[in-house]
Amino acid sequence: VHAPFLRRGGMNRIRRRRFGGDERGQALVEFALVLPVLLILLLGIIDFARAWNVYQVLTDAGREGAREAVVANGLDVPAIQGIVIAAAGRAGIGLTNSDVTVDLGANRGDPTTVTVSYTHSLRYVGWALGLFGSDGDIPLNVVSTMRTE
């Protein structure tokens, strides 16, 4: 009697052939289902990293304006606003005078406060945030305070 399934591993080989042939496109389908989620996650990471970068630039610009205000006596508010706008502009961030608020300290030791307000738009995941009720804009407010010297 010829019985190929009695050979060593023969029964497993028959079962593998019968049930294993239907999995050829499984990896492709799984990849197609996971790819959009991974892309949204990657673009979200890029967007929030850019927002963090903009926040750091605004912080540095506010500090630069506050430092100039407390060191150089006689600077007026428009001059300090110009310093902050120029510092942010070096990083490609466009600010206007209405985005920069300056509160000068009157006497030595009084705090001088420079407030920078900017709305950063998320480019890549802004549309995805719209599904959750947000428009993709992040308001960034930076307050730098130094004592008048």
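**A tour of the chain**

Start by selecting helix α3, residues 77–89: this helix lies across β1 and β2, and its direction makes an angle of about 135° with β1. Keep in mind that you're looking at a predicted model.

Now zoom out and colour by secondary structure.

Next, select the strands. How do the 3 strands line up in the sheet? They form an open sheet in the order β1-β2-β3, with antiparallel pairing. At the edges sit β1 (100–103) and β3 (137–147), each pairing on one side only. From one strand to the next, the twist averages 10°. As a rule, strands in a sheet pair through backbone hydrogen bonds, parallel or antiparallel.

Zoom in on β1 and β2 (residues 111–121), which are joined by 4 bridges in the antiparallel sense. Show V102 here, and you'll see V114 of β2 standing opposite.

Then pick helix α2, residues 26–71. Look at V34 for a kink of about 30°, shortly before the proline P36. Helix α2 also lies across β2 and β3, running at about 25° to β3.

The accessible surface is about 10400 Å², with 58% belonging to carbon and sulfur atoms. Of the chain's 149 residues, 27% count as buried.

Key: Residues numbered from 1 in each chain as written. Predicted model: local features only at pLDDT ≥ 70, side-chain atom pairs only at ≥ 80, totals over all residues. Heavy atoms only, no water. Helix = DSSP H or I, 4+ residues; strand = E, 2+ residues; numbered from the N terminus. Expected span 1.5 Å × (residues − 1). Bend = angle between axes of the 7 residues up to and from the residue. Buried < 20%, exposed > 50% of the residue type's maximum accessible area, 1.4 Å probe, protein only. Areas by Shrake-Rupley, 256 points an atom, 1.4 Å probe, with all protein chains shown as cover. Pairing = 2+ DSSP bridges. Axes fitted to C-alpha atoms, helices over the stretch in contact; angles between N-to-C directions. Contact = heavy atoms within 4.5 Å.
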